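This report covers charged side-chain pairs and the nonpolar core.

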Amino acid sequence: MPMCSFLQKRVFCAHGGVFEQMLKGLDEALKLIKRTPENEEQAIVSETMKWADPIEDFQLDPNQPDDFQYGNRGGDYIKNFAMLAVLRVMIACSLILCLRGHQVMQYGIQPFAGTKCFTVYSSNNKGYT
């Protein structure tokens, strides 16, 4: 199974979602995506793509603006992403959409960051009818 996919370099697909290093642009981000990470930064990118979550109730600190924040899953190296993070990554990488599948969605799909990121959940085995 691939770590992620870029469809025509315009749509980013991953289990978790966008990662902070994508703010450097698509070419730089692609250098960090490795099936078998060779260094710590590549390992963090790998884990973040698998486990990051959107932050619905994000509070931006004006003294330390950061649209990626550590969450309660993934320990102290996986940063979750706020709406602003998705929008900034879309611009930096010239993307139009992020598709992810890491969270249970009661109705199967949930938008985030307007229509720039969608969580698609395909299992029918979580008790929702």
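Arg88 is partly exposed at 39% relative accessibility, where buried means under 20% relative accessible area, exposed over 50% and partly exposed in between (1.4 Å probe, protein chains only). The side chain of Arg88 meets that of Asp67 in a salt bridge, meaning a side-chain nitrogen of Lys or Arg within 4 Å of a carboxyl oxygen of Asp or Glu. Asp67 is buried, at 3%. Arg88 belongs to helix α3 and Asp67 to the loop between α2 and β3, so the pair ties together parts 21 residues apart in sequence. Helices (H or I, at least four residues) and strands (E, at least two) are DSSP runs, numbered from the N terminus.

This is a predicted model: local features need pLDDT of at least 70, side-chain atom pairs count only at pLDDT 80 or more, and totals for chains, interfaces and linings use all residues. Residues are numbered from 1 along each chain as its sequence is written, and side-chain values use heavy atoms, leaving out hydrogens and water.

The whole structure has five salt bridges, including these:

| Pair | N to O distance |
|---|---|
| Arg88 and Asp67 | 2.9 Å |
| Lys79 and Glu20 | 3.1 Å |
| Asp53 and Arg100 | 3.4 Å |

Asp53 is buried at 7% relative accessibility, and Arg100 is buried at 3%.

The largest nonpolar core has 28 residues; such a core is a set of buried Ala, Val, Leu, Ile, Met, Phe, Trp, Tyr and Cys residues joined through side-chain atoms within 4.5 Å. Helix α3 gives the most to this core, five residues.
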